[in-house]
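Hello,

Here is the structure we talked about. My notes on it follow.

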Amino acid sequence: MTRRHGYALLAAILSMIVALSTAIYVGVATDDGTHQRTTLAGGRAPHNSAAPASTGVWVGTWSASPVGGEPGTETDGMAGRSVRNVVHASIGGTSARVTLSNLYGQSPLTITHASIALAAGAQTAEAAAQTMRRLTFGGNTLVVVPAGQQVLSDAVVLRIPAGSDVLVTTYSPVQSGPVTYHPRARQISYAAEGDRTEDPTGTAYTEQTEYWRYLTALDVLSDEAEGTVVAFGDSLTDGVGSTTNANHRWTDLLSRRLRAAIEAGRNVPRYSVVNQGIGGNQVLVDGLGRPAENQAGVARFARDVLGRSNVKVVIIDLGINDILRNPRLADPDAILDGLRTLVDQAHARGIKVIGATLMPFGGHRGYTDARESVRRQINAEIRSGKVYDAVADFDKAVRDPYDPRKFRSDYDSGDHLHPSDKGYERMAAAIDLDDLKGAAPAEL
């Protein structure tokens, strides 16, 4: 360890002790704009991170569900390294705030420095000029996130355009593993040695990864949107099979459809779209570990849907893994009961629910005629209108009309389970934008 890093580590530890002794375990707070700190990278201080004065509503512009603890980070976490996540904004806003998670950590996560900036372009760790902002938590640059918990940053003034890439960077000087992460992001993010949190050049960010680390949500104060649509599902929602760095998940394409319809003057809701898909996710069954990795849909719905900002509609596409991963034949009634449980939870919060039919998987290694029968039974019930408030018929959109057990060949990514980019376009097009109108049916 160099002398400079040694001093930095000592200072961080002392800061942590002070923070702990004064109970700076931050939850939700708003920055009053008075907290300032001298410069780091480039000899230039980032712009003031004062609380927003503009009007609008807080909506989600991006999100990702925490999936588990990143392999290889069990002890050290990302100690002594800067993590620069790249995320794509579905809607624009004038101010921003982020959520950091330590759900799968076994010790407190100490973040001594965090920042947000617009990316200078596609596929880069470089920040756009004059957009770097320091993030604070309850007015402090240091935050300690207890194991199993998350933290919401203060609001920071930064105009984020719809469709832009945003850089969210954190630095932790001390061991705090495992790292809570989201794998298979279909988006390249970065890491660098040392505290490069406010380095706008991105030159030091030589490590590339297809993981999102710690970051689980980006909200904006928006005058472009009046609510959030949450997509809740498995790898088919997470975007597996789509082109990396292209933002070609069906959720991205739905967001673009919705914005285009609004710009064309159509009478559709002004909503953002966020993605809470997890590869391999099931309605009923958790993964292994404590807390469970890849939590079941019924277990994570409150956190990943009800806990998002200003949710108006949820679109559920879940159930295919309950069929494929069940060592015996899955019970369609049990899966449907689980889906109805999600609907009941949403309705209790006034959230409308659109549900998707389960897409074909003929030709996949897990295919059997008996499993196909279960899929068809579930789809028949969904189409009957007895599960959701409205239906998006993903199955009809992508299946081969000559063999409905399979994807149409150009909609298949090649594994006979996940769509191609063209298949994801078909999924997004299958959602009737008028179904986004209205609220959950009133309880009688």
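The second largest cavity has a volume of about 40 Å³. A cavity here is a set of points on a 1 Å grid over the protein atoms alone where a 1.4 Å probe fits but cannot get out; lining residues have an atom within 4 Å of a point. Volume is the space filled by probe spheres set on the points. The count comes to two cavities of 30 Å³ or more.

This is a predicted model: local features need pLDDT of at least 70, side-chain atom pairs pLDDT 80 or more, while totals for chains, interfaces and linings use all residues. Numbering runs from 1 along each chain as its sequence is written, and side-chain values use heavy atoms, without hydrogens or water.

Back to that cavity. Its lining includes Ala64, Tyr181, Trp212 and Arg213. Strand E12 (180-182) is one of the strands that supply at least two residues. E12 gives the most, with three. By class, the lining has six nonpolar, four polar and one charged residues.

Next, the second largest pocket. About 350 Å³ of space lies in it. Among its 20 lining residues, Arg184, Arg325, Arg365, Leu417 and His418 lie nearest the centre. The lining has five nonpolar, ten polar and five charged residues.

Last, helix H9 (residues 421-429). Gly423, Tyr424, Met427 and Ala428 are buried there (under 20% relative accessible area, 1.4 Å probe, protein chains only). Seen down the axis, the buried residues of H9 fall within an arc of 140°, so they line one face of the helix. What covers them includes helix H3 (250-263) and strand E19 (311-317).

Best wishes

Technical notes: Buried < 20%, exposed > 50% of the residue type's maximum accessible area, 1.4 Å probe, protein only. Helix = DSSP H or I, 4+ residues; strand = E, 2+ residues; numbered from the N terminus. Arc of directions from axis to C-beta. Contact = heavy atoms within 4.5 Å. 1 Å grid on protein atoms, 1.4 Å probe; cavity = no way out; pocket = protein on both sides within 12 Å on 5 of 7 lines; lining within 4 Å. Nonpolar A, V, L, I, M, F, W, Y, C, P; charged D, E, K, R; others polar.
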